[in-house]
Amino acid sequence: MADMSPSVRLQEMIRVIRSARTQGEERGVIQRECAAIRAQFRQGDNGSRSHNLAKLLYVHMLGYPAHFGQMECVRLIASPRYNEKRIGYLGAMMLLDEKQDASLLITNSIKNDLSHSSQYVQSLALCTLACMGSAEMCRDLAPEIERLLRASNSYIKKKAALCAVHIVRKVPELGELFTPSARSLLSEKNHGVLHGAVVLITELCERNPDTLDQCRKAVPELVQIMKGLVMSGYSPEHNVAGISDPFLQVRILRLLRILGRNNDTASDAMNDLLAQVATNTDSSKTAGSAVLYETVLTIMDIKSESGLRVLAVNILGRFLLNNDRNIRYVSMTSLQKIVQTDHNAVQRHRGTIVDCLKDQDASVQRRALELSLALVSAVNIRSLMKELLLFLSSCPLELRAHTTSGIFIAADRYAPSQRWHIDTILHVLTTAGGDVRDETVPNLIQLITTAAELHSYTVHKLYRALVTDISQQSLVQVACWCIGEYGDLLLKGECEETEPVQVTEDDVLDALETVLQSHMSSPATRAFALTATMKLSTRITNNVDRIRSIVSIYGSCIDVELQQRAVEYNALFKKYDHMRAAVLERMPVIDKNSPGHSNGDFTAGFKEPELVKVKQAETDRPQETTDQACDLLGLLGDSAQPLQPTTAPSSASTNIGGDLLDLLGGLDPIPAPTVTVYEKNDLSLKLQTDKKTDTGVTVTFTAFNSSDTDISSFTLQVAVPKSVQLQMKAPSGDLIPAQGAGPVTQTVFLSNPNKVNLKMRVRVQYSKQGSVCQDMLQIDSFPAPAWQ
């Protein structure tokens, strides 16, 4: 490659650099050119300063150091020649920032140029200040900018308005200086000035509530400007894809959204305009879609009429049919935010939303999944669940866990029957058993135990699934548990709900042995299988010796858990054989409200053995029976997992144990101060203790939402030490309205006969703007009068 002379022009330097074959060759060319530029800077060659700085800026754009040109920028800005000023200001915007001391040196030059007779020199100074002006520069030059906002030249007023936006962002207290001038700019006809004025007013309103109140008086003026844009004829100067200046329309709609939020008068003034924009804007092109999208956001954010909100939802529904995936994604994101408040309107577009599950784009699929789960109700649970199960069979791996969790929640809430509920969960376990949460197995076991008339049907179905595939660990664990509990029903071969299968004792034991010996089985799965094998010893008659042999093999297993189980089971065969039938009898029905029931992963982080799950309501079962049930749970392998709390029911609590609560009444409660225990995402949770008795106290949690959007699916879960008895009442609701419109309360009754120091753990879970939030709280201190 030919050497490059120091006086080479910019175009020639670019050509030589682009023709470099390697990065090292390119670096060598740039180093030689930078050395030549430095030498000419030192020589003070005024004739080539602007050319050298232009070349240096290109070097800077390639990522090479060019800081030695900063002072040259200052010199060129002070030059009286326009072409040198232009390069100097460009260099300042690229090489300087507010952290550089050299930036302060150009403050006086900018001030002088703001008063220059040429509008182009003034615009150079305005653009530079708007790009890299520091807070000190903004304070010094703000009066000059305010003066230019009142200039007669539209070109200068447009630049000055955008510069004022930068000043307000840097120094918010200067906003009051620009408010009168900004309001006056709305009477301009030039679209560039109007655009700058709207952006400036938007910035002022977002940063100062007083300015927001003042600018609400400009709503009629903004409405007239917007109507003129919507109803104006074709204008080549402003037309974009058939829409008159969509950029200005979007900015005005965004400002109207801010002005109309939480204000009835301003909202009423713009309702007719929004309906006009929504019906007259063509959405076939991207520009029209952008205007319609801003219109929808404005309708949903202000206090609009119900008919207008339905119109907005229908616009989003049309967006779902658009071929552009970005538009479909944006539409579903917006629908996700309003599905709680306008559920019926969104429900009309359920079919289109479900079709988006088949999209090839993972982001669109995720949004469609979240929206589909939010649309599930008791009315559409069967049809919508078919679509979700079909999606589960082919969805991406990263969406499987979210899909299974959503299906389980929907099925638990809206299941039309227990058989349908069981079939749905088994379908999920068969399809994606490796992606379900840990609490799925105990929850399904609890569901199966309560459906006594379906025990035969369930054990037959699970046996078929076990023989077919043992790779899905969650499914295998539930199948082993059911075979251990209801193996006698399986061997009878009697099942009205499904075609019975004739199964022999050897077939069942072969299936369990396969699970025990499979390399795919986890230690927990083997424990389920070994316990099931042991339980069958009391349910079959001809193969007890084979069971004894299987159990004895694992007495020397390398896995400590399996070894301990096998040793204890061998003891049941020998020393305690007379107790074997009683110990291994069928499990009683597991009540969701019983202390032994696990419902969720709430206490996954609880390591203290004394912490147990709390009760929601007193049960009629004697304490001895409860303890026996917990012991039997331990035999089934649940002892390795901490006992977990339940969530308060969504319906009204029954008055079981009401008499006991009446016995504790009659004493005046000692009031205690309210304590804030949680503040995050605009959600605050306060705790108050009152209604104190000799051994009991009522704890009231109150949740407030200070954000602009509703918080849904709000639940609390609580765990306390074992010596404290706890009963949770149903919450006042699961939807916390925005802006503190109404709190949600949750009452907890605590019985503390030993008056121990109370420690409480609380899990807070809620959904906000389509995302699920979850936090764990530790409360170690309570008001002393409550326990003394």
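How many of the 788 residues of the chain count as buried? Of these 788 residues, 51% count as buried, where buried means under 20% relative accessible area, exposed means over 50%, and partly exposed lies in between (1.4 Å probe, protein chains only). The model is predicted, with local features needing pLDDT of at least 70 and side-chain atom pairs counting only at pLDDT 80 or more, while totals for chains, interfaces and linings use all residues. Residues are numbered from 1 along each chain as its sequence is written, and side-chain values use heavy atoms, with hydrogens and water left out.

**Figure 1. Overview of the chain with its 34 helices and 11 strands.** Helices (H or I, at least four residues) and strands (E, at least two) are DSSP runs, numbered from the N terminus. Among contacts (heavy atoms within 4.5 Å) with a separation of 6 or more, 68% are made by residues 24 or more positions apart. The chain exposes about 36,500 Å², of which carbon and sulfur atoms supply 50%, the areas coming from the Shrake-Rupley method with a 1.4 Å probe and, for residues, only the protein chains shown counting as cover.

**Figure 2. The salt bridge between Arg169 and Glu203.** A salt bridge is a side-chain nitrogen of Lys or Arg within 4 Å of a carboxyl oxygen of Asp or Glu, and the structure holds 35 of them. In the bridge between Arg169 and Glu203, the closest N and O atoms are 3.2 Å apart. Arg169 belongs to helix α9 (residues 154-170) and Glu203 to helix α11 (residues 191-207), so the pair ties together parts that are 34 residues apart in sequence. Arg169 is partly exposed at a relative accessible area of 48%, whereas Glu203 is buried at 6%.

**Figure 3. The salt bridge between Arg309 and Asp342.** The N to O distance between these two side chains is 3.0 Å. Because Arg309 lies in helix α17 (residues 306-319) and Asp342 in the loop between α18 (325-338) and α19 (343-347), the pair ties together parts that are 33 residues apart in sequence. Arg309 is buried, with a relative accessible area of 16%, and Asp342 is also counted as buried, at 12%.

Figure 4. Glu561 is partly exposed, its relative accessible area being 32%, while Arg565 is buried at 5%. Elsewhere, salt bridges that share partners join Asp506, Asp510, Glu513 and Arg546 into one network.

**Figure 5. The largest nonpolar core and the contacts of Leu335.** A nonpolar core is a set of buried Ala, Val, Leu, Ile, Met, Phe, Trp, Tyr and Cys residues joined through side-chain atoms within 4.5 Å. The largest core has 177 residues, of which Ile145, Ile167, Phe178, Leu200, Ile252, Leu335 and Ile483 touch the most other members. Helix α27 (residues 473-492) supplies the largest share of this core, 11 residues. Leaving aside neighbours within four places in sequence, Leu335 is in contact with Val313, Leu316, Leu320, Val346, Ile353 and Leu371. Apart from this core lies another, of 29 residues, among them Val699, Val744, Leu750 and Leu777.

**Figure 6. Thr352 in helix α20 (residues 350-355).** Not counting residues up to four places away in sequence, Thr352 touches Leu320 and Leu321. The C-alpha atoms of Thr352 and Gly317 are separated by 7.6 Å, although these residues are 35 apart along the chain.

**Figure 7. Strand β7 (residues 711-721) and its partner β10 (residues 760-768).** Strand β7 is mostly covered, nine of its 11 residues being buried. β7 and β10 pair in the antiparallel sense over seven bridges, pairing being assigned if DSSP finds at least two bridges between two strands. Gln717 stands opposite Arg763 in β10.

Figure 8. With a disulfide taken as a pair of cysteine sulfur atoms within 2.5 Å, the count comes to zero disulfides.
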